[in-house]
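Here is a short briefing for a first look at a protein chain. Keep the sequence and the structure in view while reading.

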Amino acid sequence: MPIDFQDERFIDEDRSRDAFMVRRNVMVRPDVLDVERRTVFERSWFYVGHESEIPRPGDYRRTTVAGRPLMFVRGDDGEIRVLYN
C-alpha cells in the first residue's frame, strides 16, 4: 500500500529558527523502507564491496544490500561478478 506523504508529517520544521527534525518513526517504518528500496536502491548504483576483498580467482564474499542477498566473486578469468543470491 502506498504511503500518502501528503497526510503524514515526516519532518518538524521551524523556519523562524532555521531548524528541522526528521521524526524518529520514519527510520523504522517498513512502509517507508519499502518506498526507499523501490525509488532509490532499484534505480541506482550501490556499493557492494572492494576488489581487494576478493584478490584471488575463486574468492567470494556474501553481503546484503537493501534487503537483497548478494555474492560478489572473482571468476577463474579474474573478472569480478555480482550475483543475486
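The points below run from the whole chain down to single residues.

This is a predicted model, in which local features need pLDDT of at least 70 and side-chain atom pairs count only at pLDDT 80 or more, while totals for chains, interfaces and linings use all residues. Residues are numbered from 1 along each chain as its sequence is written, and side-chain values use heavy atoms, with hydrogens and water left out.

**Overall build**

- The protein chain has 1 helix and 5 strands. Helices (H or I, at least four residues) and strands (E, at least two) are DSSP runs, numbered from the N terminus.
- Along the sequence, the order is β-β-α-β-β-β.
- The radius of gyration of the protein chain is 19 Å, whereas a compact globule of 85 residues would come near 12 Å. That radius is taken over C-alpha atoms, and the globule rule is 2.2 Å times the number of residues to the power 0.38.
- The C-alpha trace spans about 60 × 30 × 20 Å along its principal axes.
- Of contacts between residues at least 6 apart in sequence, 17% join residues at least 24 apart. Contact means heavy atoms within 4.5 Å.

**Surface and burial**

- The protein chain exposes about 7300 Å², and carbon and sulfur atoms supply 50% of that area. Accessible areas come from the Shrake-Rupley method with a 1.4 Å probe; for residues, only the protein chains shown count as cover.
- Of the 85 residues, 19% count as buried. Buried means under 20% relative accessible area, exposed means over 50%, and partly exposed lies in between (1.4 Å probe, protein chains only).
- I11, F20, V22, M27 and V28 make a nonpolar surface patch of about 540 Å². Patch residues have over 30% relative accessible area and no salt bridge; like charges are joined within 9 Å, and nonpolar side chains (Val, Leu, Ile, Met, Phe, Trp, Tyr) within 5 Å.
- V28, one of the patch residues, sits in the loop between β2 (19–22) and α1 (30–41). V28 counts as exposed because its relative accessibility is 65%.

**Nonpolar core**

- The largest nonpolar core has 5 residues: V48, I54, V65, L70 and F72. Such a core is a set of buried Ala, Val, Leu, Ile, Met, Phe, Trp, Tyr and Cys residues joined through side-chain atoms within 4.5 Å.
- V65 is in contact with F46, Y47 and L70, leaving aside neighbours within four places in sequence.

**Salt bridges**

- The count comes to 9 salt bridges. The rule asks for a side-chain nitrogen of Lys or Arg within 4 Å of a carboxyl oxygen of Asp or Glu.
- D12 and R23 form one of them, at 3.0 Å from N to O. D12 lies in strand β1 (residues 11–14) and R23 in the loop between β2 and α1, so the pair ties together parts that are 11 residues apart in sequence.
- D12 is partly exposed at 23% relative accessibility, and R23 is partly exposed at 33%.
- D34 and R38 also pair, again with a 3.0 Å N to O distance. They are 4 residues apart in helix α1, so about one helical turn separates them.
- D34 is partly exposed, with 37% relative accessibility. R38 is partly exposed, with a relative accessible area of 37%.
- D59 pairs with R56, their closest N and O atoms being 3.7 Å apart. D59 is buried at 17% relative accessibility, whereas R56 is exposed at 54%.

- D59 is in the loop between α1 and β3 (60–65). Leaving aside neighbours within four places in sequence, D59 is in contact with I54, F72, V73 and R74.
- E51 lies in the loop between α1 and β3. Not counting residues up to four places away in sequence, E51 touches R74 and I80.
- N25 lies in the loop between β2 and α1. N25 is partly exposed, at 39% relative accessibility.
- From C-alpha to C-alpha, N25 and Y84 are 30 Å apart in space; in sequence they are 59 residues apart.
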